[in-house]
Amino acid sequence: MESHMTIARPLPDYLVKRYHGWKATSYAENSAWYRKLADDGQHPRAMVISCCDSRVHVTSIFGADPGEFFIHRNIANLVPPYAPDGNQHGTSAAIEYAVTALKVPHLIVIGHSSCGGVRGCFDMCEGHAPALEEKSSFVGRWMDLLRPGYARLPEGTEAERVAALEKQAVLVSLENLMSFPYVKEAVEEGKLTLHGLWTDIGAGGLECYDSDRGDFVPV
Ligand SMILES: [Zn+2]
């Protein structure tokens with residue numbers, strides 16, 4: 001225990017400065033709101049599942065305040081199938097809590113352009129990424145979740161197919177969400193709405209999956 005405790009070091013100066021700046025400005029101006037959040041508990045308007053990618057900034061895109069979004073991030077914004085096997089499932093735990101305890105009315109899966117995880121999956125499926133095929137690769141085994149999306153990619157240039165796979169990551173996740181019995185039930189009872197988005201980071205674009213058209217359309 002003791003040896004482990006020695007590995008934690010003080011924050012770098014720039015983060016200490018930023019924290020004190022936030023405390024003196026954003027927090028100071030909204031301290032009553034923060035105290036209310038602490039006292040009342042959270043009642044988020046939506047759960048968001050996004051990629052870990054540092055460029056995907058959900059709270060900026062939607063101008064979100066603290067308490068509005070219950071956010072879960074993982075590599076390539078993927079939802080695994082419902083698998084109550086007694087093992088440790090972080091993404092499934094977040095979904096279970098958001099839907100059964102917080103009872104969020106909206107669940108948004110947002111994919112993005114230039115996704116490194118999706119690119120890795122594409123290369124692996126094309127046979128060009130042997131390291132990702134190793135059993136010991138957590139990224140590779142996680143990206144196996146997207147293989148069904150690769151299997152239904154349309155013809156096209158490599159860039160078009162990779163972009164299509166980024167959108168498949170959203171669709172596969174929505175399909176897998178419906179394998180969770182409490183998600184399916186809440187959707188069928190009209191208490192929960194699922195949404196599939198994809199954002200173009202460079203262009204600041206946002207597209208939403210339209211199930212009538214079977215495609216993503218600009219918001
Ligand atoms: Zn990504």
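Aspartate 200 is partly exposed, because its relative accessible area is 27%, where partly exposed lies between buried (under 20%) and exposed (over 50%), computed with a 1.4 Å probe on protein chains only. This is a predicted model, in which local features need pLDDT of at least 70, side-chain atom pairs count only at pLDDT 80 or more, and totals for chains, interfaces and linings use all residues. Residues are numbered from 1 along each chain as its sequence is written, and side-chain values use heavy atoms, with hydrogens and water left out.

**Aspartate 200**

- Aspartate 200 lies in strand β4 (residues 193–200); strands are DSSP runs of E with at least two residues, helices are runs of H or I with at least four, and both are numbered from the N terminus.
- Apart from neighbours within four places in sequence, aspartate 200 is in contact (heavy atoms within 4.5 Å) with Ser113 and Gly205.
- Between aspartate 200 and threonine 59 there are 16 Å in space, C-alpha to C-alpha, and the two are 141 residues apart in sequence.

**Zinc site**

- Cys51 (SG), His112 (NE2) and Cys115 (SG) coordinate the zinc ion at 2.0 to 2.3 Å.
- Donors are N, O and S atoms within 2.8 Å of the metal (3.2 Å for Na, K and Ca), and sites may look incomplete since water is not among the atoms.
- The spacing of the donor residues in sequence is C-x60-H-x2-C.
- Cysteine 51 belongs to strand β1 (residues 46–51) and histidine 112 to strand β3 (residues 106–112), so the pair ties together parts that are 61 residues apart in sequence.
- Cysteine 51 counts as buried because its relative accessibility is 5%; histidine 112, at 1%, also counts as buried.

**Glutamate 207**

- Strand β5 (residues 205–210) contains glutamate 207, which counts as buried at 18% relative accessibility.
- The side chains of glutamate 207 and lysine 167 make a polar contact (2.9 Å), that is, a pair of N or O atoms within 3.5 Å; within protein, one must be able to donate a hydrogen and the other to accept it, and residues adjacent in sequence count only if both atoms are side-chain atoms.
- Not counting residues up to four places away in sequence, glutamate 207 touches several residues, including Trp198, Phe216 and Pro218.

**Helices α5 and α11**

- The axes of helix α5 (residues 90–101) and helix α11 (residues 181–188) come within 10 Å and cross at roughly 35°; axes are lines fitted to C-alpha atoms over the stretch in contact, with angles from 0 to 180 degrees between N-to-C directions.
- Ile95, Glu96, Val99 and Thr100 of α5 make the contact with Tyr182, Val183 and Ala186 of α11.
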